[in-house]
Amino acid sequence: ITVSETSKNDILRFIKIPEEKIHVTYLAPREIFVPQSEEIINKVCEKYNITRPYIFTLGSRWARKNLEFAVEVFKELKKESLKLVIAGDTNWQEISLDENIVIPGYVSDEDLPALYSGASLLVFTSRYEGFGLPVVESFACGTPVVCSSGGALKEVAGEAGFVKEGFDKKEWAQCITELLSDSSMLSVMRSNGLKRAKEFSWRKTAQLTLDVYKDVLR
């Protein structure tokens with residue numbers, strides 16, 4: 001059992017398990033990931049000393065997460081009023097002096113939906129994801145997504161997110177700048193993201209998993 005067609009293909013390629021023995025059961029956002037009210041967003045932003053507008057990313061400093069690239073892209077934007085918020089176990093002291101980059105560190109599950117909801121965009125620059133849960137969590141919170149095509153991200157984002165091929169920081173910066181200045185496009189992306197998020201559910205995942213067990217028992 002694996003979480004995406006991309007992961008299934010990797011298993012076929014590297015482990016040589018027969019295809020009929022590999023079953024895809026997608027992950028899903030939990031029920032807490034829904035659009036949050038302005039009151040809740042403001043309360044959580046105040047807790048972490050975050051001012052809006054901001055773009056959001058999260059992860060660890062594992063090389064594949066590629067967070068350094070997200071910082072490089074942000075610096076290309078040259079928007080004085082815009083912040084970059086990086087959540088997660090980053091241990092990133094060397095950029096903490098940049099007043100436009102906010103590093104709240106590990107964020108509780110309780111606060112994460114508000115940080116998604118308050119963001120102008122989720123910018124997810126990972127080089128490889130077996131699924132890419134932050135993408136669907138962001139969709140579920142009504143936040144537009146710009147992500148790389150690394151691993152399963154293109155598969156998971158579908159037509160709802162803006163998927164960038166390659167890692168040219170100037171191209172990413174131009175894409176983000178254009179999106180942030182196009183309110184109608186952002187509105188369409190929010191709507192499409194909410195619809196896309198509904199295609200993933202833990203009930204569906206549980207049913208597919210149960211079906212695999214039943215099939216094996218036969």
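This is a predicted model: local features need pLDDT of at least 70, side-chain atom pairs count only at pLDDT 80 or more; totals for chains, interfaces and linings use all residues.
I started with strands β2 (residues 83-87) and β3, which pair in the parallel sense over 3 bridges. Strands here are DSSP E runs of at least two residues, helices are H or I runs of at least four, and both are numbered from the N terminus. Two strands count as paired if DSSP finds at least two bridges between them.

Residues are numbered from 1 along each chain as its sequence is written, and side-chain values use heavy atoms, with hydrogens and water left out.

Next I traced the sheet. I get 6 strands in an open sheet with parallel pairing, in the order β3-β2-β1-β4-β5-β6. β3 (101-105) and β6 sit at the edges with a single partner strand each, so one side of each has no neighbour in the sheet.

Then I checked β5 (residues 145-148). I find 3 bridges between β5 and β4 (residues 121-124), in the parallel sense, and 3 bridges to β6 (residues 162-164), also parallel. Val146 is the bridge partner of Val123 and stands opposite Phe162 in β6.

Which residues of β5 are buried on each side? I have Val145 and Cys147 on one side and Val146 and Ser148 on the other, so both faces are covered; buried means under 20% relative accessible area, exposed over 50% and partly exposed in between (1.4 Å probe, protein chains only).
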